[in-house]
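Trainee: Please take a close look at the aromatic rings in this model. How are they paired, and where do the paired residues lie?

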Amino acid sequence: MEYLVLGALETRQGGVLVDVRGMRQQRLLALLLLNAGRVVPMDFLVDELWEDPPPSARPQVHNAIRDLRRVLAAGEHRLVTVDVGYRLAVPEDAVDAHRFTRKVREARAAERDGRFPEAIRLLQAAVDLWRGDAFAGIHCPAVTSAAVKLNEQRLTALEDLMALRLKVGETSSLVGELTALLAEYPLRDSLRRSLMTALCRSGRQAHALAVYDEGRRFLADELGLEPSPQLRALHSEILADAPGVHDAPERPPARPAAAEDPAPGQRPNCLPHDLTDFTGRSAELALLQEAVARRAAGAPLMLAIDGMGGVGKTTLAVRVAHRVTADFPDGQFFAALDGFDESRPPVPPSQALAALLRADGLGPERIPASLEERSALWRSRLAGRRCLLVLDDAATSAQVRPLLPGAGETLVLVTSRRKLSALDGSVALPLDVLPPGDAVELLARVAGERRVAREPVRAAEAAALCGYLPLAIRIAATRLRDRPAWSVADLVDRLADPERRARCLRTADRDLMALLRASYQYLDRAQQRFSLLMSRQPAGSFDVDRAAAVTGLSADEVEGCLDALYENNLIRQEAAALFSFHSLVRDCSRLLPEPSDGSGPPTELTVGQLAVTA
């Protein structure tokens, strides 16, 4: 019996197709074949077969296994039940994917030894095993991830085969094949270079230049990129009529193991710089580093840091990332998701994945088109590696999920202004403002320690007027540092008045009110109106009854608004039924447009309207 996965899943006994009926049985067989010879736990099967497993999931798996046993009964391969799951005892040669990888491995060994005809024969035999996309029609996370990796290996083998045939002198006979392949895979840089070379050697330089120009326009239109340095160099050689273009094959660089799994010296490190004046957060740092130290071996760890805008989430995540880099030597990645940026929408997961894959060394031509394929390829590349991934400024859990690893000891640090409660498996760390002592220390480290030490009482007032918010303190301290004629008292005078405070906490490239304002774009109009009205009532803290009296809403409506503001870190919960605004969030809320007068529906505050400043 043999199992064919390089195309639609097929099982054959003596060359005769064996009918595996039912999509669940086919998916189950695919999962067992992915782990041929190894035990597949029941929990893994349940998670793969159902997105939301029903109570009857385990009995259904047992029934599917029973049906699968009947199908496989005629063969010599056994489906074995063990304590925690099942094992399909299948030799590697019974699965066409294993035969494919073995032939490719042998072909590369033959090429290294200079046995080019044998390498061509083996590569051709390997690609001839394919009947379509791997596991076509089978949809579950582990299978999709494996399929993406196999499909990429097929394209790489095809590229190597074309290059080898050029190497041994084939030219005209390759033009048609390369043209068809490039039409199917227009982003594959190696195929375009091989076609240009084959055309040039066939005396068709003009056609070769046209192929280059077509690729240049396609890259610019689709990805906003220029051709690769190798492609530009070949183009220049053709224009210059360089002899090497005609006499020697254009061989793409050999793909060593580093292309799929970068060597230690080539590991990407994309972390932003760590602030030299980082202040405080000793308890939070200790908590996060302890969580990293106690992580489960072989499993990913996700830490989610949430808090109001400007509280220092990114700064803390980057500091932790730099401290634990040595524990994650296989790559350190950073993705800015722009979840709360007034000037642009949040980064789509597909775009973020493309950037991460590029950072990991993949050329644009090797990045799949769909979100699902990119996510599967990303998980495949992280599997078995110890990487560190910072996902900064996430808007929602849905934006984050496609970027998460499936296996391997990857540490994921997520920051967001929202509480990402739907991010299953994460360890949450709510981040509050600095303690007063740390806030004054930060002011001194940015503005100058001697200068601040001369006015300790005023410095404490300045930190308090900044709400002990790290970004507000940094902006205010920078203003003080850049104005030698000011005293700390002068800074306090400007911070004491709300309107002057809004101007003081704004510089050429940082505007605290604008940063806080962006958090309101995810509230609906009733929640925005509620925030505006409550910010203008005089009490420092309030409960549901007081909020209902101020806004005219029912208790249930008030609780819904309070939940929304709390989830977005726009209010604090001081006790079980007592809430308050941070002083700067209150300032920001008061700058919102006026609500309706109550005679009609509440005014909807659009993102454009939220751009109103003091």
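**Aromatic pairs**

Mentor: Searching the whole structure, which is a predicted model, turns up four aromatic pairs. A pair of aromatic rings is described by the distance of the centres and the angle of the planes. One of the pairs is F100 with W130: the ring centres are 5.5 Å apart and the planes stand at 85°, so this pair is edge-to-face, given that planes over 60 degrees apart fall in that class. F100 belongs to helix α4 (residues 96-112), while W130 sits in the loop between α5 (116-127) and α6 (141-167), so the contact ties together parts that are 30 residues apart in sequence. F100 has a relative accessible area of 1% and is buried. W130 also counts as buried, at 10% relative accessibility, because the limit for that class is under 20%.

Another of the pairs is F542 with F581. Here the centres lie 5.9 Å apart and the planes are at 45°, so the arrangement is tilted. F542 is in strand β12 (residues 541-542) and F581 is in the loop between β14 (578-580) and α28 (583-590), so this pair ties together parts that are 39 residues apart in sequence. Both F542 and F581 are buried.

Rings also take part in contacts with charged side chains. R418 is placed over the face of Y522, 4.4 Å from the ring centre. Over the face of W486 lies R483, at 5.2 Å from the ring centre.

Notes:
Residues are numbered from 1 along each chain as its sequence is written. This is a predicted model: local features need pLDDT of at least 70, side-chain atom pairs count only at pLDDT 80 or more; totals for chains, interfaces and linings use all residues. Side-chain values use heavy atoms; hydrogens and water are left out. Rings of Phe, Tyr and Trp (its six-membered ring) pair if their centres lie within 6.5 Å; planes under 30 degrees apart count as stacked, over 60 as edge-to-face and the rest as tilted. Helices (H or I, at least four residues) and strands (E, at least two) are DSSP runs, numbered from the N terminus. Buried means under 20% relative accessible area, exposed over 50%, partly exposed in between (1.4 Å probe, protein chains only). A charge sits over a ring if NZ of Lys or CZ of Arg is within 6 Å of the ring centre and within 35 degrees of the ring normal.
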